[in-house]
Amino acid sequence: MSHLLTPDQEILRTRIRFALRRATGFVFDIDAMLRKPELRLRRIGLWRGVESRELSSLLDQLETEFQSDFDEHHEADAKASATRQGRLDNHAR
């Protein structure tokens, strides 16, 4: 991922890595596979096909994390845009 992960995020990815390994017998580089936001949902969808309750629960947590990150980023962008618009309005007066 492009930003540093919190300890909770690292733990979640490690748990997903081990759940995938237990269910499939294969080792996955979770960080590399989730690096590109446009591929995340597709990969998570493929992993859900493994049909493991443990993995499904972990993937739910991961999707919640991504949604939270998206919401925070979107909120920050909106605030920055409003601040810029305010400066432009003040400058135009």
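This briefing walks through the confidence, core packing and charged contacts of the structure above. The model is predicted, so local features need pLDDT of at least 70, side-chain atom pairs count only at pLDDT 80 or more, and totals for chains, interfaces and linings use all residues. Residues are numbered from 1 along each chain as its sequence is written, and side-chain values use heavy atoms, with hydrogens and water left out.

**Confidence**
- The protein chain averages a pLDDT of 83, and 70% of the residues score at least 70; pLDDT is the predictor's confidence in each residue, from 0 to 100.
- Helix 1 has the highest mean pLDDT among the elements (95), and helix 4 the lowest (75); helices are DSSP runs (H or I, at least four residues), numbered from the N terminus.

**Nonpolar core**
- The largest nonpolar core has 14 residues, and Ile16, Trp47, Leu59 and Leu62 have the most contacts inside it.
- Such a core is a set of buried Ala, Val, Leu, Ile, Met, Phe, Trp, Tyr and Cys residues joined through side-chain atoms within 4.5 Å.
- Two or more core residues come from each of helix 1 (7-24), helix 2 (30-34), helix 3 (37-48) and helix 4 (53-92), with helix 4 giving the most, 5 residues.
- Beyond its neighbours within four places in sequence, Ile16 is in contact (heavy atoms within 4.5 Å) with Ile30, Leu55, Leu58, Leu59 and Leu62.

**Salt bridges**
- The structure holds 6 salt bridges, each a side-chain nitrogen of Lys or Arg within 4 Å of a carboxyl oxygen of Asp or Glu.
- Arg13 pairs with Asp31, the closest N and O atoms being 3.9 Å apart; Arg13 is in helix 1 and Asp31 in helix 2, so this bridge ties together parts 18 residues apart in sequence.
- Arg13 is buried at 2% relative accessibility, while Asp31 is partly exposed at 22%; buried means under 20% relative accessible area, exposed over 50%, and partly exposed in between (1.4 Å probe, protein chains only).
- Arg13 and Asp31 also belong to a salt-bridge network with Arg17 and Glu65.
- Arg22 and Glu54 form a salt bridge at 2.7 Å, N to O, linking helix 1 to helix 4 across 32 residues.
- Glu63 and Arg48 meet at 2.8 Å, N to O, joining helix 4 and helix 3.

**Other local features**
- Arg40 lies over the face of Phe66, 4.3 Å from the ring centre; the rule asks for NZ of Lys or CZ of Arg within 6 Å of that centre and within 35 degrees of the ring normal.
- Glu51 has a positive phi of about 60° although it is not a glycine, and Glu51 is found in the loop between helix 3 and helix 4.
- Most residues other than glycine have a negative phi.
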